[in-house]
2 protein chains.
Amino acid sequence: MIRPGAFFEDFAVGDRWETGGYTFTEAEIVDFAFRYDPQPFHIDVEAAKASIYGGLIASGFQTLSVCFRLVWQTAVLSNNMGGRGLDELRWPRAVRPGDTVHVVVEVLAAEPSSRADRGNLRLRYTGLNQRGETVLEATLLHVVRRRPPAD
Amino acid sequence: MIRPGAFFEDFAVGDRWETGGYTFTEAEIVDFAFRYDPQPFHIDVEAAKASIYGGLIASGFQTLSVCFRLVWQTAVLSNNMGGRGLDELRWPRAVRPGDTVHVVVEVLAAEPSSRADRGNLRLRYTGLNQRGETVLEATLLHVVRRRPPAD
């Protein structure tokens, strides 16, 4: 069972946990996108209506960042030492203002590092909206601290 | 030659272009991370000094978002209809306050879509700092509009 404050040794392949939710507001969608992803369908409600999406949608980079924040908030990864990267990120469905997203995390692999104080995790993130539809899938590569030896 | 306003037909495998730069400030690193990635080494200068990084580093999600923004700003992808996802994202080196990052983009693949009005691009993004060191590598999957038929 993975709990807040887990160390590398506590993660086993197949373990899962779930985050709380976050409601994407129009304000935050436009604000994030105006800085980082100012495509018309992310920052301009009128242009978004005329686009293939039929309305404003969140930047996929915001969706990714929010999903990570939700996972971080569970404190299960509080011994995370960093991220090496991620693989196979997909956004199967757009996130729209008012959508509430939460994340299910599954441990795909847990392998010792060449460095004694840490191990490598492959974690599958699945972001789901309030209807249970997948809005994000990605495999994140985390480096997590091992339990320090008792003094 | 790819130019601003390019349509799908204008992209050929091997084509490259380069963005301008962006200087990561301490303020923006902490601000982004406080919302989306509040790990101590992204938001707390003192904790970051004591971490394995020896100082504050930018969230990898911010680095990704900034790299996309720089690419968007070239207007080469102004006919982008959306993103399907990304593969093999790595952050080989941390981004620190004061670092200036720009992106080199290379076309890895350009394939027609089943829909007549668009095509699929695989683009390799390489983010480089002011010393030429790679801070981000990723393959992004873009959907780009085809040139509309002349009236």
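Predicted model: local features only at pLDDT ≥ 70, side-chain atom pairs only at ≥ 80, totals over all residues.

Q: What percentage of chain A is buried?
A: Of the 151 residues in chain A, 36% are buried. As for its contacts, if you take those between residues at least 6 apart in sequence, 70% join residues at least 24 apart.

Q: Now the strands: which way do E5 and E6 of chain A run?
A: Strand E5 (residues 118–128) of chain A and E6(A) run antiparallel and are joined by eleven bridges; in this pairing A:Leu121 stands opposite A:His142 of E6(A).

Q: What lies between them?
A: E5(A) and E6(A) form a hairpin, with five residues between the two strands, and in that turn A:Gly132 has a positive phi of about 80 degrees.

Q: Which strand of chain B pairs with E3 of chain A?
A: That is E3(B): strand E3 (residues 80–90) of chain A pairs with E3(B) in the antiparallel sense over four bridges. A:Arg90 turns up again in this pairing, where A:Arg90 stands opposite B:Gly85 in E3(B).

Q: How many residues of chain B are in contact with chain A?
A: There are 24 residues of chain B in contact with 24 residues of chain A. On the side of chain B that touches chain A, the elements that give two or more residues are helix H4 (60–73) and strand E3 (80–90) of chain B, and the largest share, ten residues, comes from E3(B).

Q: What classes are the residues on that side of chain B?
A: The side of chain B that touches chain A has twelve nonpolar, six polar and six charged residues.

Q: Let's switch to the helices, then. At what angle do H4(A) and H4(B) cross?
A: The axes of helix H4 (residues 60–73) of chain A and H4(B) cross at roughly 175 degrees and come within 10 Å of each other. Because angles over 145 degrees count as roughly antiparallel, H4(A) is roughly antiparallel to H4(B).

Q: Which residues meet there?
A: From H4(A), A:Phe61, A:Leu64, A:Ser65 and A:Phe68 meet B:Phe61, B:Leu64, B:Ser65 and B:Phe68 in H4(B). The residues of this contact between H4(A) and H4(B) divide into six nonpolar, two polar and no charged.

Q: Is H4(A) mostly covered or mostly open?
A: H4(A) is mostly covered, as eleven of its 14 residues are buried, and among them are A:Phe61, A:Leu64, A:Ser65 and A:Phe68, the residues of H4(A) that meet H4(B).

Q: What should the 14 residues of H4(A) span?
A: At 1.5 Å a residue, the 14 residues of H4(A) should span 20 Å, and this agrees with the end C-alpha atoms, which are 20 Å apart.

Q: Last one: which residue just after H4(A) takes a positive phi?
A: Just after H4(A), A:Ala75 takes a positive phi of about 70 degrees.

Terms used
Residues numbered from 1 in each chain as written. Chains lettered and ligands numbered in written order. Contact = placed C-beta atoms within 7 Å. Nonpolar A, V, L, I, M, F, W, Y, C, P; charged D, E, K, R; others polar. Pairing = 2+ DSSP bridges. Axes fitted to C-alpha atoms, helices over the stretch in contact; angles between N-to-C directions. Parallel < 35°, antiparallel > 145°, perpendicular 65-115°, else oblique. Expected span 1.5 Å × (residues − 1). Buried ≥ 20, exposed ≤ 12 C-beta atoms within 10 Å, placed from the backbone.
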